[in-house]
Structures are given as C-alpha cells and as structure tokens.
Amino acid sequence: MALALALVIVSCSGAAAQLGSRPITIIVPYTPGTGIDILARALGAELSHRWGQPVVVDNKPGASGNIGTQVASRAPPDGHTLLMIAKTFVTNPSLFKNLPYDPVKSFTPIVKLATGSIVLAVHPAVPADSVAAFVAYAKARPGQINYGSPGFATPHHLAMELFKVSTQTDLVHIPYKGSSGVTTDLVGGHVSAMFLPVHVALPLAVDKQIRILAVASQTRAAVAPEVPTFAEAGVPGFEVDLWFGLLAPAGTPDDIVARYNDALNDVLRAPRMIEELGKQGLITAGGTPAQLGELIAKDAAKWQRAIRAAGITAE
C-alpha cells in the first residue's frame, strides 16, 4: 500500500511538472473584443491566479477560424497551448473541402465552457416589428434586402441562411471582417438586418438604434425575457444556439487534460464567474472532456445535414 501511495504521489507531481511554469497560451481564432475572446480572457485570468502561471490570449483570426485552429493543431501537446472553439469548429468541415487540420484527430477535448443566444435584429428603418412582418417585407422585395455578418461561415451567417430556407426569403449576404464593423453598419442603416449576440443587441435596442425581432435559442433568453423565440414568432423548428469550448492538441497527456478540466469546472461554478459571464449573455457550462467530444460529434452531424439542405457552400 505504501508503494502504491508513493507511485500516486509521484504521478501527480509529474503531471504538474509536465505542465511546467512556462506561460500558457490560449489561442482565440477570432478578433479581440468578441464574445469568445472575452471568455478566454476571463478564464485565463482565473487560471493564472490559481496556478501562479502567466496565461496569454493570442488572437489569430481569419478564414472563419481556420487560421488559428491550424496553429493550435500544430502546437506541441504539452499543455502550454490551448484552443478556444465556437460553433464554427463543427460547421467548417461541411463548408471547406481542404481543412488544414482534422477536427477530430487533431485535438483533445477539455471542457464545454459556456452557451449563449443570438437574436435577429433589423434597422429601425425596416418597417417590421415582428418576424412575420419582416418575412412579408422580404418576400415582397426578393434580392433587394441585404444582411450583414462578421464573416463567411460564422454562426451569424449560417443562422440567416437557415432563416432564408425556413422562411423562403431571398436576402443578400454582406460579409464583414469581424463583429464591430457590421454592428456599426447595422446601426447606421448600411445593412438592414443581421443575427447578433443578445448581449450586444440589447443596449442598442434600448437606445432604439436597432429592433430585436426574435431569439434563436430553444427557450427565451433570461436577459431578454420579452423577446419571443422563433417558434413563438411563427417559424417552428428554427434554432441556432451558441456554445464555446476548450481543446488541447491531440496527444496531450490525460493527466494534464484532467487538471485543466478540474480547474475550469471549479472556475465555472464560482458565483463571481457566473455573474461576470452573465453580463456578456453567456451561461456557464462545464462537464467532462467526453461530454464535449460528444457535443462536437453531434453538432457536426446536425450542421452537415442543415448546410447541405440550405445549399451553403464555401465562397
């Protein structure tokens, strides 16, 4: 028994030693200031405080998240490089024929971090105060109404393409490079509509700079209980949720993955973190690495079917 206990102690200390004291880098494959970036910085600060190690958030945007994801896939599997992922991680394989990484074989799941909601919003000049009114307005003007997104294959873009299929409307896509520009142009009336995170939309709606029509989650958002779901607004079956997770390069030792999973589950349960992320319209998640792996597989299959049905292809 003494020998077994000694081996356990050596194994545990070895796990910590493997991680070492070098800075931890969390790669975010999107621009600074986005929801996933804010989440990465909040969690990185907590890990740094708990472990006394520097945590650096490295933004590597471009190609619908593929650039940063490729960099992370090629990092040494020693626990010092992690990857933040959003829903695009599971949709990109159905959109791009030659990904520079394998979404399953190149990574090891660590934990699901949070979920969020997006809403359909229009500029106040659009004469529609409901989804039904917007659909009628769009059907009367096929190909004449534009909508914006932070870029091709983002959840915002895919949500609107699925909306077009669900409502048999013809809207013109204007992709931007990041969220700030397209949100500014929605407020300025340069684009007529877009899907955007509920926490971004709410202040603009309060100031009457945009009008929110519906939320794309299965249930109403806690931060906007007055906004109906699409099912309630007359588009049954339409649902686009957001979720965020953390991965490590494939081959990262199980004990290091477990160390991250334990620490982050602790962090996500903390009332202060729940409150902080709630202000960003996010609900903390947590769970096991296996649960995140199952979610990735399930959503990848779901979106493969949806993208094919909508006829969405890489531009």
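**Close-ups of pockets and rings**

With a relative accessibility of 0%, Phe195 counts as buried (buried is under 20% relative accessible area, exposed is over 50% and partly exposed is in between, using a 1.4 Å probe and protein chains only). What you see here is a predicted model, where local features need pLDDT of at least 70, side-chain atom pairs count only at pLDDT 80 or more, and totals for chains, interfaces and linings use all residues. Residues are numbered from 1 along each chain as its sequence is written, and side-chain values use heavy atoms, with hydrogens and water left out.

**View A. Phe163 pairs with Phe134 and with Phe195.** Rings of Phe, Tyr and Trp (its six-membered ring) pair if their centres lie within 6.5 Å; planes under 30 degrees apart are stacked, over 60 edge-to-face, and the rest tilted. Phe134 and Phe163 are stacked, at 6.2 Å centre to centre with 25° between the planes. That pair joins helix α5 (residues 131-139) to helix α6, across 29 residues of chain (helices are DSSP runs of H or I with at least four residues, strands are runs of E with at least two, and both are numbered from the N terminus). Phe163 and Phe195 have centres 6.4 Å apart and planes at 70°, so they are edge-to-face. Here the link runs from helix α6 to strand β7, 32 residues apart. Phe163 is buried too, at 0% relative accessible area.

**View B. Ring pairs build a cluster.** Its members are Phe134, Phe163, Phe195, Phe230 and Phe238. Over the whole structure, a search turns up 12 aromatic pairs.

**View C. The largest pocket holds about 850 Å³ of space.** A pocket is an open set of points on a 1 Å grid over the protein atoms alone, where a 1.4 Å probe fits, with protein on both sides within 12 Å along at least five of seven lines; lining residues have an atom within 4 Å of a point. Look for Tyr30, Thr34, Pro150, His156 and Ser179, which lie nearest the centre among the 43 lining residues. Elements giving two or more residues to this lining include α6 (155-167) and β7 (193-197).

**View D. The second largest pocket has a volume of about 310 Å³.** Of its 18 lining residues, Thr115, Gly116, Ser117, Ala221 and Ile283 are closest to the centre. Strand β4 gives the most to this lining, with 3 residues.

Definitions and conventions
Points joined across faces, edges and corners; volume = space filled by probe spheres on them.
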